[in-house]
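Keep the structure open as you read.

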Amino acid sequence: MIRYIKKGPTLEEKAESNKKVQKIVEDIIADIEKNGDSAVRSYSETFDNWTPKSYRLSKSEIKACYEQLDDQVIADIKWAQQQVRNFAQIQRDSMKDVEVETLPGVTLGHKHIPMESVGCYVPGGKYPLVASAHMSVVTAKVAGVKRVIACAPPFDGKPSPAIVVAMDLAGADEIYCFGGVQAVAAMAIGTETIAPVDMIVGPGNAFVAEAKRQLFGRVGIDLFAGPTETLVIADDTVDGELCAADLLGQAEHGLNSPAVLLTNSEKLAKDTELEIARQLTILPTAKVAGQAWRNFGEIIVCDNHDEMLQVANELAFEHVQVMTENIGYYKDNMQNFGALFLGPETNVSYGDKCIGTNHTLPTKKAARYTGGLWVGKFIKTCTFQKVTEAASVVVGNYCSRLCAVEGFAGHKEQADIRLRRYEK
């Protein structure tokens, strides 16, 4: 039996707040489409109190950011990027072009073609999310994207040195300091000073996510994303202190970040709830994490692992931390998730920051139909065909008859003209 010791908001309650965001974003996009740079400047001043001479950083401004960082910070950024680059390259190497003769004289194939330009959004208003530069810019470059532009909002009234250095080390061709809907719209639509891109990637707040949703189709996007989600699946092989740390570590992302404990142990459920209360008295980010836990946190108790698996697949959460005696059961049977973190030795923070897997992942049940950002998201898989005269006759006879069934006379003639020319 599935029991909720603590339950979060309903879908209806979540949907109501989304309507307000949609209208605000719609108006900003329309304004930027009409007024370009002047609209971007106006919104940047209003929302970020930021009006530089140019939003694109010069080489000297980028160099100045390096000078503001300790050598250890730069070394750590390089190490994290190398892990992301290594895994992205392994993924890229797994994608093979194909060219095969499927019938005598019929050659079919596909090619993996990188996109020409991508815009990478890196959140940085509340927390300077350096790792998002690794995940988007590095991965796009490994995929072979020719032009990668990156932007992040100002942090404490200026470009975040760590974010800018991370963007530069990752290989960004253009670096901008602006944020929010105006940044996403400017990259997607283009302005007098910014050439538009073919795809927008990267996480962000509700406004950034809604901007990507509204712009999808005009440009590609990595995925539809909402607030960060974390699900901890645990049994009595671990303790409440560890579960609480893993839940609050993700709840601090934002006031509406869901964090859920799923367990078959009533004792662990109660211990975790007590531990969360204790840790919130000492966690520096408790103001955000505490509100997220109060409003969006859940504790679900099941009778067995089969029930836990069922609930986990129904939730389809972004991050799934598995700390049970049989982690292989979840690895083999989980269907809907953004990323799995298997065993108490690892955790979501490793994936978020530096281990090498990508941290831009599906939320709001999108894990039912997509995985997260990876090198393949920046690549189009395009097919081709080549046919000999003799094979054209074989295929043409089938095609002509099938076109007749559908009533497509023009399609039929495409086949018939070749039959008349090539049939001996």
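Tyrosine 398 lies in helix 15 (helices are DSSP runs of H or I with at least four residues, strands are runs of E with at least two, both numbered from the N terminus). This is a predicted model, in which local features need pLDDT of at least 70 and side-chain atom pairs count only at pLDDT 80 or more, while totals for chains, interfaces and linings use all residues. Residues are numbered from 1 along each chain as its sequence is written, and side-chain values use heavy atoms, with hydrogens and water left out.

Tyrosine 398 is exposed, with a relative accessible area of 52%; exposed means over 50%, buried under 20%, and partly exposed in between, with a 1.4 Å probe and protein chains only. Together with Leu103, Val394, Val395 and Leu402, Tyr398 makes a nonpolar surface patch of about 490 Å². Such patches take residues with over 30% relative accessible area and no salt bridge, joining nonpolar side chains (Val, Leu, Ile, Met, Phe, Trp, Tyr) within 5 Å and like charges within 9 Å. Helix 15 (residues 389-406) supplies the largest share of the patch, four residues.

Now for the charged pairs. A search of the whole structure finds 14 salt bridges (a side-chain nitrogen of Lys or Arg within 4 Å of a carboxyl oxygen of Asp or Glu). In helix 1 (residues 11-35), aspartate 27 and lysine 23 sit four residues apart, about one turn of the helix, and they form a salt bridge with closest N and O atoms 2.8 Å apart.

Another salt bridge joins aspartate 222 and lysine 212 at 2.7 Å, N to O. Aspartate 222 lies in the loop between strand 8 (220-221) and strand 9 (230-234) and lysine 212 in helix 8 (residues 206-215), so the pair ties together parts that are 10 residues apart in sequence. Aspartate 222 is buried at 3% relative accessible area, and lysine 212 is buried at 4%.

Where does lysine 377 lie? Look in the loop between helix 14 (348-353) and strand 14 (379-387). Lysine 377 is buried yet has no salt bridge, and the nearest side chain of opposite charge, aspartate 222, is 7.3 Å away. The backbone oxygen of aspartate 222, however, lies 3.1 Å from a polar atom of the lysine 377 side chain. The side chain of lysine 377 also makes a polar contact with that of threonine 370 (3.2 Å).

Terms used. Lys and Arg count as positive and Asp and Glu as negative; His and the chain ends are not counted. A polar contact is a pair of N or O atoms within 3.5 Å; within protein, one must be able to donate a hydrogen and the other to accept it, and residues adjacent in sequence count only if both atoms are side-chain atoms. Accessible areas come from the Shrake-Rupley method with a 1.4 Å probe; for residues, only the protein chains shown count as cover.
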